Amino acid sequence: MEGGLNAQNDANGGFYDNDLEMAVVHKVSLGPPKSTLSRIEGAVKETLFPDDPFRQFKNQPPKRKCLLGVQYVFPILEWAPKYSFNLLKSDLISGLTIASLAIPQGISYAKLANLPPILGLYSSFVPPLVYAMLGSSKDLAVGTVAVISLLLTSLFSSEVSPMENPVLYLHLALTATLLAGIFQTALGIFRLGFIIDFLSHATIIGFMAGAATVVSLQQLKGILGLHQFTKKTDIVSVMRSVWGQTHEWRWETIVMGLSFLCLLLVTRHISKKMPRLFWISAATPLTIVIVGSLMVFATNADKHGVDIVGDLKKGLNPLSINHFVFEGRYLQTVLKAGLITAILTLTEGIAIGRTFALFKNYHIDGNKEMIAIGMMNIVGSCTSCYITTGAFSRSAVNYNAGCKSAVSNIVMATAVMIVLLFLTPLFHYTPLVALSSIIVSAMLGLIDVHAFYHFWKVDKLDFLVSLAAYLGVVFVDVQVGLVIAVAISMVRVILHVTRPHTAVLGNIANTTVYRSIEQYTDATRIPGILILRIEAPIYFMNSSYLRERIIRWIEDEEERLAKVDEDRLRYIILDIAPVTSIDTTGINMLEEVQKTVNRQGLQLALTNPGADVLEKLQRAKFTELLGQNWLFVTVGEAVEVCKSLLHDQKLKTSKNGISTNE
């Protein structure tokens with residue numbers, strides 16, 4: 001046999017040498033045979049249904065299955081029958097609290113998106129009702145968010161001026177909302193949620209921090225009382241616009257803005273230090289709106305240069321089904337806006353929902369959340385709402401207020417409905433500087449300095465991704481920053497795939513355990529044997545690298561042995577337990593390695609191949625090329641056989657030497 005193997009194969013697949021004690025070697029098993037159909041079924045299940053959503057339907061009568069199916073689509077039908085008055089008291093308090101925050105934020109974020117302020121209230125009425133029926137989170141409070149509002153401005157302002165053609169601009173925003181909802185719903189129905197995983201946590205942190213910085217800088221227009229302001233979002237353009245109009249600064253708005261901002265920050269600090277006083281921070285934005293409106297009304301400040309919200313249309317959401325724009329000129333823009341905002345809102349909403357679910361020890365279904373968020377945007381787009389998702393500030397207030405279910409969203413929507421029906425005229429005198437202060441306060445909470453420090457301490461590449469996203473958004477553009485961050489993340493994934501880690505293994509003393517000699521400095525090499533571990537699937541993208549890396553490991557080992565004057569290298573053991581998959585290019589690579597080591601008088605062995613990998617190796621007849629006796633279950637068994645053969649070779653060499661002397 002190749003490599004000087006002088007052994008016999010017993011009935012159990014074990015090796016034993018004639019002159020040595022038997023070394024038991026377990027036979028590598030392929031496992032029970034599977035048909036092609038069952039393999040495809042298993043692959044689809046693992047890819048699209050890793051959570052096994054159909055488990056609850058097993059062994060259930062038809063009527064029960066129908067009920068469970070309806071409850072799966074409409075989770076409200078599952079928890080509503082168990083709802084009690086005690087839960088209602090908690091949700092009532094939570095709902096009214098987040099309504100006091102949602103009303104001023106809704107108006108503020110609509111202005112940020114260059115949309116009519118009333119759309120912020122519309123978007124805090126219909127979408128929460130839809131989410132309450134379809135969502136699985138008890139704590140998520142939905143509504144408009146600042147980052148998406150800014151992104152819409154960035155995407156549409158270059159195509160349509162919101163000042164010159166506000167109607168078309170509004171229709172584009174509604175169309176983008178519809179398309180975002182369709183994308184989100186499709187991802188949930190077809191269970192393609194893994195697509196949003198391409199936006200890593202580091203990417204989101206950097207992008208959100210950059211967007212928060214840009215949004216805050218944009219609010220200098222309102223705080224300084226400027227009437228003309230740059231349409232660009234990068235920090236250089238904003239600073240140039242600010243410092244180029246120092247003669248236009250108004251001390252009245254500066255004093256009001258800084259006073260409101262200080263009050264917001266102080267109350268937020270108090271609520272953080274004393275969570276029981278959460279209501280102080282939640283009520284402050286609405287208090288500022290009321291106080292600011294009274295000040296403007298009492299002093300006629302609107303007639304002295306202080307910008308106000310103006311008239312808000314009274315009444316519930318009008319239908320907007322006929323307002324969608326699919327003309328060829330704008331189709332690419334709305335498609336891009338819909339796709340980008342769909343992914344961002346899903347990422348943010350699901351991440352927030354999972355965070356609070358973890359605090360309360362319950363589970364939310366990511367695919368259900370996609371469908372819920374998608375449907376509320378589809379329905380919202382038909383009822384004059386623009387893109388909504390789970391808002392962190394409102395969800396945090398909702399959680400701290402002691403919400404028990406999605407009824408808090410229904411209470412919030414009811415409060416907003418009352419405002420739309422009867423109270424919108426009261427917001428006529430609301431100063432824009434108050435809204436600017438509310439936005440800045442909310443944005444400062446999105447700049448997570450601790451997360452940046454954590455990335456730097458734990459993973460420098462994650463820090464680079466988040467920093468690149470931040471700098472791209474702040475110094476170039478919101479879209480460019482997002483593209484840069486995603487590109488760096490993709491490059492990182494490609495590097496991990498194309499340059500997988502390999503390691504030289506050594507033996508931990510007095511054990512049969514073999515670990516990386518770099519990680520475990522007390523692990524010792526086995527004379528005459530090189531043990532390598534491949535720690536990734538083997539694909540066409542990394543096959544060339546792995547071939548070159550294995551050959552280099554062999555050359556390095558031979559150089560090392562020559563320097564220390566040890567026995568020459570005889571055996572190469574590849575531990576492929578971490579190799580979960582292999583393609584034909586990968587098999588070709590192993591064949592080339594096998595031929596290369598054979599030409600050098602070495603013997604290759606493989607240990608612990610997975611069932612899928614082993615089956616492909618057998619179908620490609622690589623196991624015949626290698627020899628069935630060189631497939632092992634563990635590294636330890638492979639080493640024992642190789643050591644036995646080395647010992648046998650030494651005995652033969654010594655006997656031949658004695659015979660020659662005689």
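**The sheet and its surroundings**

Modeller: All five of the five residues of strand S8 are buried, so S8 is largely enclosed by the rest of the structure. Please keep in mind that this is a predicted model.

Biologist: Which residues of S8 are on one side and which are on the other?

Modeller: Tyr571, Ile573 and Asp575 are on one side, whereas Ile572 and Leu574 are on the other; all of them are buried, and both faces of S8 are covered. In a regular strand, side chains alternate between the two faces of the sheet.

Biologist: In what sense does S8 pair with S7?

Modeller: Strand S7, residues 529–534, and strand S8, residues 571–575, pair in the parallel sense over five bridges. The bridge partner of Ile531 is Ile573 in S8, and that of Leu532 is Leu574.

Biologist: Why is S7 said to be largely enclosed?

Modeller: Six of the six residues of S7 are buried, so the rest of the structure largely encloses this strand. One side carries Ile529, Ile531 and Arg533, and the other carries Leu530, Leu532 and Ile534; both faces are covered.

Biologist: And how many bridges join S5 and S7?

Modeller: Three bridges join strand S5, residues 502–507, to S7, and the sense there is antiparallel. Val504 stands opposite Leu532 in S7.

Biologist: What is the order of strands in the sheet?

Modeller: The order is S6-S5-S7-S8-S9-S10, in an open sheet of six strands with mixed pairing. Strand S6 (514–516) and strand S10 (631–632) are the edge strands, each pairing on one side only.

Biologist: Changing topic to helix H16: which of its residues are buried?

Modeller: In H16, which spans residues 392–400, the residues Arg394, Ser395, Ala396, Val397 and Asn398 are buried.

Biologist: What covers the buried residues of H16?

Modeller: The cover includes helix H4 (85–112), strand S3 (142–143), helix H13 (278–299), helix H14 (328–360) and helix H17 (407–423).

Biologist: Now the whole chain, please. How many helices and strands does it have?

Modeller: The protein chain has 26 helices and ten strands. Of its 662 residues, 51% count as buried.

Biologist: What is its radius of gyration?

Modeller: The protein chain has 33 Å, whereas a compact globule of 662 residues would have a value near 26 Å. Along the principal axes, its C-alpha atoms fill a box of roughly 120 × 65 × 55 Å.

Biologist: What about contacts between residues at least 24 apart?

Modeller: They make up 78% of the contacts between residues at least 6 apart in sequence.

Biologist: Lastly, what are the figures for the surface and the charges?

Modeller: The protein chain exposes about 31800 Å², and carbon and sulfur atoms supply 62% of that area. The mean positions of its 56 positive and 52 negative charges are 9 Å apart.

Key
Residues are numbered from 1 along each chain as its sequence is written. This is a predicted model: local features need pLDDT of at least 70, side-chain atom pairs count only at pLDDT 80 or more; totals for chains, interfaces and linings use all residues. Side-chain values use heavy atoms; hydrogens and water are left out. Helices (H or I, at least four residues) and strands (E, at least two) are DSSP runs, numbered from the N terminus. The radius of gyration is taken over C-alpha atoms; the globule rule is 2.2 Å times the number of residues to the power 0.38. Buried means under 20% relative accessible area, exposed over 50%, partly exposed in between (1.4 Å probe, protein chains only). Contact means heavy atoms within 4.5 Å. Accessible areas come from the Shrake-Rupley method with a 1.4 Å probe; for residues, only the protein chains shown count as cover. Lys and Arg count as positive and Asp and Glu as negative; His and the chain ends are not counted. The place of a charge is taken as NZ of Lys, CZ of Arg, CG of Asp or CD of Glu. Two strands pair if DSSP finds at least two bridges between them.
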